[in-house]
Amino acid sequence: MITTDFVPGSPCWLDLGSPDLDRAAEFYRSVFGWEFSSMGPDAGGYGFFQLDGRVVGALGPLTEEGARSAWTVYYTVPDAAATAKAVEQAGGAVRELADVGDEGRMVQLTDPQGARFAAWQAGAFPGLQAVNEPGALMWVELYTTDTADAKRFYGDVFGWTTTETPLPGGGGAYAMISPAEGGEERMQGGMMQLAAEHLAPAGGPYWHPVFQVTDCDAAVAAVTAGGGELRMGPDDAPGVGRLAVCTDPFGADFVVLVPDPN
C-alpha cells in the first residue's frame with residue numbers, strides 16, 4: 001500500500017513531461033477530474049495536479065534531449081547524493097542531481113536496462129498529498145527486459161524486497177515490491193519481464209503509475225474521448241481488480257484500476 005507517511009524507498013512523487021502542457025492538463029482533467037496549477041514562466045510552466053485541493057502529481061515540459069512524454073516516479077531517500085552514488089555502483093546512470101530551493105533535492109536516474117526513475121530527498125516538501133483513493137496513485141509498475149537484474153539493482157539502491165507470484169497461463173512471474181521498512185503490508189508496486197519487441201513503442205523498459213478509479217470502463221471512455229489510446233483491457237484480474245493500460249495523447253503510459261474489494 002502506498003501511503004503519505006513516506007519511508008525510504010517508497011513512492012513519494014510523480015510528474016509528467018509533455019510537449020503540450022495545456023492539452024495534457026485538459027486530458028487529465030477529463031479523465032481524473034484533476035485541476036492544474038502552473039507555477040508560472042519562472043518554473044518553465046511546471047505545476048501541480050490537484051484533486052479536491054490536494055496534490056496528486058505534477059506536469060512540466062520535456063527538458064531532456066530525446067526524452068519521450070512519460071510519467072516519472074520518485075522514491076523517498078534520506079540522501080540524494082548517496083543514492084546517486086549507489087545507482088552508479090549498481091550499474092545505473094545519473095542524469096541530473098539538483099537542489100529545488102528549500103523544497104528538497106532531486107536526482108534523475110536510469111537503471112541498467114534503461115528505465116528512468118527519480119529519487120527525492122525531502123526538505124520543506126515531502127511529496128504527494130493524496131494516494132490510494134479514486135483519482136490518485138495507488139501502485140507503480142516496471143516493465144523490464146530483465147527482472148532478475150532489476151531486482152538486484154533496486155535492492156542494492158533502495159533495499160527493496162520482492163515477492164514472486166505466478167502470472168496466469170504460465171507466462172512467468174510478477175515480482176511485487178516492498179520497501180525495506182514496513183514489510184509486505186507496505187507493498188507498493190511490481191516488476192514484470194517483457195520481450196524487447198513488446199517494449200519497442202516506449203523505446204525500452206519503463207516505469208508507469210497505476211491510478212485508482214471508481215469505474216474502469218468509464219475511465220477508458222474518457223481516455224479515448226480525450227485523444228488517448230487504450231493499449232490493453234479493460235480486463236478483470238482475480239485478486240487485483242478491473243484494469244486497463246492506457247496512454248495519453250502524447251504516448252505517456254498509465255494504468256487505471258478499480259481494486260478488487262476482497
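1. Strands here are DSSP runs of E, at least two residues long, numbered from the N terminus. The model is predicted. With that in hand, take Asp52. Asp52 is found in the loop between strand 3 (47–51) and strand 4 (54–61). Its phi is positive, about 55°, although Asp52 is not a glycine. Asp52 is exposed, because its relative accessible area is 69% and the cut-off for exposed is over 50%.

2. Asn132 also deserves a look. Asn132 has a positive phi of about 55° and is not a glycine. Asn132 sits in the loop between strand 8 (116–122) and strand 9 (137–144). Asn132 is partly exposed, with a relative accessible area of 25%. As background, most residues other than glycine have a negative phi, and most peptide bonds are trans.

3. Next, a peptide bond to check. The bond from Gly233 to Pro234 is cis, with omega near -5°. Pro234 belongs to strand 14 (residues 229–237).

4. Now the chain overall. The chain has 5 helices and 16 strands. The radius of gyration is 17 Å, close to the 18 Å that the globule rule gives for 262 residues, so the chain is as compact as a globular protein of that length. Along the principal axes, the C-alpha atoms fill a box of roughly 50 × 45 × 35 Å. Buried residues make up 49% of the 262 residues. Of the contacts in the chain with a separation of 6 or more, 59% join residues 24 or more positions apart.

5. Leaving out residues up to four places away in sequence, Val73 touches Pro11, Trp13, Leu14, Phe117, Ala118, Val140 and Trp207.

6. Last, a helix pair. Helix 2 (residues 80–89) packs with helix 3 (residues 147–158) at an angle of about 150°, and their axes are 9 Å apart. Helix 2 and helix 3 are therefore roughly antiparallel, since angles over 145 degrees count that way. Their crossing is right-handed. Helix 2 contributes Thr83, Ala86 and Val87 to the contact, and helix 3 contributes Phe153, Val157 and Phe158. The residues of this contact divide into 5 nonpolar, 1 polar and no charged.

Conventions: Residues are numbered from 1 along each chain as its sequence is written. This is a predicted model: local features need pLDDT of at least 70, side-chain atom pairs count only at pLDDT 80 or more; totals for chains, interfaces and linings use all residues. Side-chain values use heavy atoms; hydrogens and water are left out. Axes are lines fitted to C-alpha atoms, for helices over the stretch in contact, and angles run from 0 to 180 degrees between N-to-C directions. Helices (H or I, at least four residues) and strands (E, at least two) are DSSP runs, numbered from the N terminus. Angles under 35 degrees count as roughly parallel, over 145 as roughly antiparallel, 65 to 115 as roughly perpendicular and the rest as oblique. A crossing is left-handed if the near helix is turned anticlockwise from the far one by less than a right angle, and right-handed if clockwise. Contact means heavy atoms within 4.5 Å. Ala, Val, Leu, Ile, Met, Phe, Trp, Tyr, Cys and Pro count as nonpolar, Asp, Glu, Lys and Arg as charged, and the others, Gly among them, as polar. The radius of gyration is taken over C-alpha atoms; the globule rule is 2.2 Å times the number of residues to the power 0.38. Buried means under 20% relative accessible area, exposed over 50%, partly exposed in between (1.4 Å probe, protein chains only).
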